[in-house]
Each structure stands twice: as C-alpha cells, then as structure tokens.
Amino acid sequence: MDHVLVTGGAGYIGSHACKVLRAAGYVPVTYDNLSTGWADAVKFGPFEQGELTDRAALDRVFAEYRPVAVMHFAALSQVGESMREPGLYWHNNVLGSLTLIEAAVAAGCLDFVFSSTCATYGEHDGVVLDEDTPQQPINAYGASKRAIEDMLANFEGSHGLRSVIFRYFNVAGADPDGEVGEFHRPETHLIPLMLEAIDGKRDALTVFGTDYDTPDGTCIRDYVHVMDLVEAHVAGVRWLADGRGSRVFNLGTGTGFSVLEVIEHSRAVTNRPVPYEVGPRRPGDCVKLVSGSVRAARELGWTPGRSELEAMISDAWRWHRTGHYER
Ligand code: UDP
C-alpha cells in the first residue's frame, strides 16, 4: 500500500484525514510534535513524533516510508494568538513548512497537499470569495499561510513540486463513528466552546462583537464538515497522482452563518439553552468569510454532503458527550 506523510496527523483535521486515507487504501504516516495534538488520536497508521523544523528527523521519515505524497496540516491556527505572538507563526508555520518542503523535494516526494485558509483573503467588503480573490490577510495566521502558498509555487518552478492547496473556511463537526473528534486545549473555536458552555463545562460563551456590519451585527462564517473536508484531500492526492497539476481550491459550502445563528442552531440541536454574553470584538477577525466557489465541486467532484449546520453541530455534540483523548 502507498504511504502518505500526514503532518499534524494527531490533530483535529489531520486525524480525520488519516481515517479517510486508510479507508481509501493508503497508509497514513503521522508526523506530529504533539504540541496541540493527541497521541491517542493516531489510530490509522504509524506515528513519528518530531518537529517540522527538524530536517534530520524528516529525512529519516521520508527514507523509511517513501511516501507518495505529503498532506501538510501541522500548523498553529489561532487568529487571536497570531496577533499577540506573530513570531510563533512565522517560526512554526513558515520555517517549519520550508524545512518540510526542502525535505520532500530532496526525497523526491513531489506531490504536496497543503492546508491553507480563507484567512489569506482578508477583508473584501462582504463579497463572496473565490480562488482568484486577491489575498490580503489581516492577521499573522493568514499571512503565514499565504507565505507558504508562495513558497510552494517557488519550489514548483525550481524543483517540480506539485501542490494542491485547499483554502478552508470554518471546519466543524467530528467523525460520525466517534473514533476521532475535535479536542483543542486551549479551545478557541466557536462550536466546541459553545458545546462546552451548554454542557456546563465552562462559563458562558462570549460573543466577540455585535456591532459588525451584518444583519445581526455578528461575524459570518462558512462552516464545512471535517469529514467532507478531508475527503477533498484524498481527492487532492489522486488529482496529483493523475498528473493534473497544481491547483488551488476553496473548501466551503457557499452558505454563511452568523455567530448568533450558530448559537440558535446549537440550542435547537441540543435542546438546551446556550449561556452566552456579549463581549468586544476579537482583534484580527474578518467580518464575513464565505466561499463563492464551486471549483472543488466542478473539478474534484467534491460534494460537501454532511455540511448542514445541524449535522455538524450534532456530530460535534455526540463527540463532546462520548469521545475523549487521554490527557
Ligand atoms: N467567536 C465568538 N466567541 C468565541 C469564539 C469565536 O464569538 O468564543 C466567533 C469569532 O469571532 C468568529 C466566529 O466565532 O466570528 C468563528 O470563530 P472561530 O475561532 O471558531 O474560527 P475563525 O473564524 O477564527 O477561524
């Protein structure tokens, strides 16, 4: 069976990717430093613990497994943290990715699937975003991801590296089988924070700003189910294996929900009140991030069939109530 190197395979999205890679007949090799991931989320293939910036460790892993492709998830990904500590993002995300890319090309592993973000677009006055929208990130997280996209293009010119870049909108939900799920410490994302507040495991949720220029004053996001998202990545590996060349795809549904709408859906799904209070805006937040693209559907044959908001919240709720990782 072909191996795929999955950086960040112990994390939220990476662990779900390993599950679907395995189901698709690949062996996912997780490379993760466990800074934000969980060893017991690595269930579908070998685990190599290491830093992205450790070139010798990466060389050893490429030599041992000879992966046919890399799926690169490992990254710091919190907008707020990136505004307070940009150096962490440039060091870990940008320098780490450079080291990984150099190791991949040295090993002759030239198919690269990269986890990027709609945060690379920045503010565009409420317009829906397609892959050709100019990238003008307003936070260090988005800037670090845009820099890595540029890096991939440069290495294509110099070394023939081929990449599929996925710009994610807001990823939510969990594996419906309950084998893996979302578990961040600290948690910063809206849906898991809200579920923990609903369940009395933390204080009320704070809504970050109700004075935005949106119908209810709260920010609008396009939520996509993690299982749909990772299915696109397997399609990305096949796309590259078929020689179809480098391509950028947005992964979103085209439908946006405000923070207050997500709260209302969560109340309906869990049948419980959502304790929340209104707070100030969070620095770095864009008003509205909604995908305007059908490229992934048209070209990759991607159908985000699980990405109804109710399904995402109810899969996340089931995981919240029954799943866990050892701490
Ligand atoms: N949000 C919020 N309270 C929280 C966490 C998030 O109001 O405790 C809002 C946040 O301002 C944004 C949306 O929920 O408008 C989604 O934020 P999240 O951190 O989940 O993802 P991001 O869009 O930053 O990637």
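The centres of domain 1 and domain 2, taken over C-alpha atoms, are separated by 23 Å. Domain 1 covers 3–172 + 223–251, and domain 2 covers 190–221 + 254–322. These bounds come from an automatic or database domain assignment. The model is predicted: local features need pLDDT of at least 70, side-chain atom pairs count only at pLDDT 80 or more, and totals for chains, interfaces and linings use all residues. Residues are numbered from 1 along each chain as its sequence is written.

Start with the contact between the domains. It takes 28 residues from domain 1 and 28 residues from domain 2. Two residues are in contact if their C-beta atoms, placed from the backbone, lie within 7 Å. On the side of domain 1 that touches domain 2, the elements giving two or more residues are helix H3 (79–84), strand E7 (170–172), strand E10 (223–225), H7 and strand E11 (247–251). Helices (H or I, at least four residues) and strands (E, at least two) are DSSP runs, numbered from the N terminus. H7 gives the most to this side, with 5 residues. By class, this side of domain 1 has 16 nonpolar, 8 polar and 4 charged residues. Ala, Val, Leu, Ile, Met, Phe, Trp, Tyr, Cys and Pro count as nonpolar; Asp, Glu, Lys and Arg count as charged; the others, Gly among them, count as polar.

H7 (residues 226–241) also meets H1 (residues 12–23). Their axes come within 9 Å and cross at roughly 60°. Axes are lines fitted to C-alpha atoms, for helices over the stretch in contact, and angles run from 0 to 180 degrees between N-to-C directions. H1 and H7 are therefore oblique to each other. Angles under 35 degrees count as roughly parallel, over 145 as roughly antiparallel, 65 to 115 as roughly perpendicular and the rest as oblique. The crossing of H1 and H7 is right-handed. A crossing is right-handed if the near helix is turned clockwise from the far one by less than a right angle, and left-handed if anticlockwise. From H1 come Ile-13, His-16, Ala-17, Val-20 and Leu-21. They meet Val-226, Met-227, Leu-229, Val-230, Glu-231, His-233 and Val-234 in H7. This contact has 9 nonpolar, 2 polar and 1 charged residues.

Now turn to H4 (residues 86–107) and H5 (residues 140–159). They pack at an angle of about 20°, with their axes 9 Å apart. That makes H4 roughly parallel to H5. The crossing is right-handed here too. Among the H4 residues in this contact are Tyr-89, Trp-90, Leu-98 and Ile-101. The H5 side includes Tyr-141, Ile-148, Met-151 and Phe-155. By class, the contact of H4 with H5 has 14 nonpolar, 4 polar and 1 charged residues.

The next pair is H6 and H8 (residues 259–270). Their axes lie 11 Å apart and the packing angle is about 45°. H6 and H8 are therefore oblique to each other. H6 passes H8 in a right-handed crossing. Leu-190, Ile-191, Met-194 and Ile-198 in H6 meet Val-259, Val-262, Ile-263, Ser-266 and Thr-270 in H8. The contact has 7 nonpolar and 2 polar residues, and no charged ones.

The ligand is surrounded by 15 residues. The closest are His-189, Leu-190, Val-207, Phe-208 and Cys-219. E8 gives the largest share of the shell, 4 residues. By class, the shell has 8 nonpolar, 4 polar and 3 charged residues.

Two backbone features remain. A cis peptide bond joins Arg-185 and Pro-186, with omega about 0°. Pro-186 is found in the loop between E7 and H6. Leu-34 is not a glycine, yet has a positive phi of about 60°. Leu-34 is placed in the loop between strand E2 (27–32) and strand E3 (47–49).

Terms used:
Near = placed C-beta within 6 Å.
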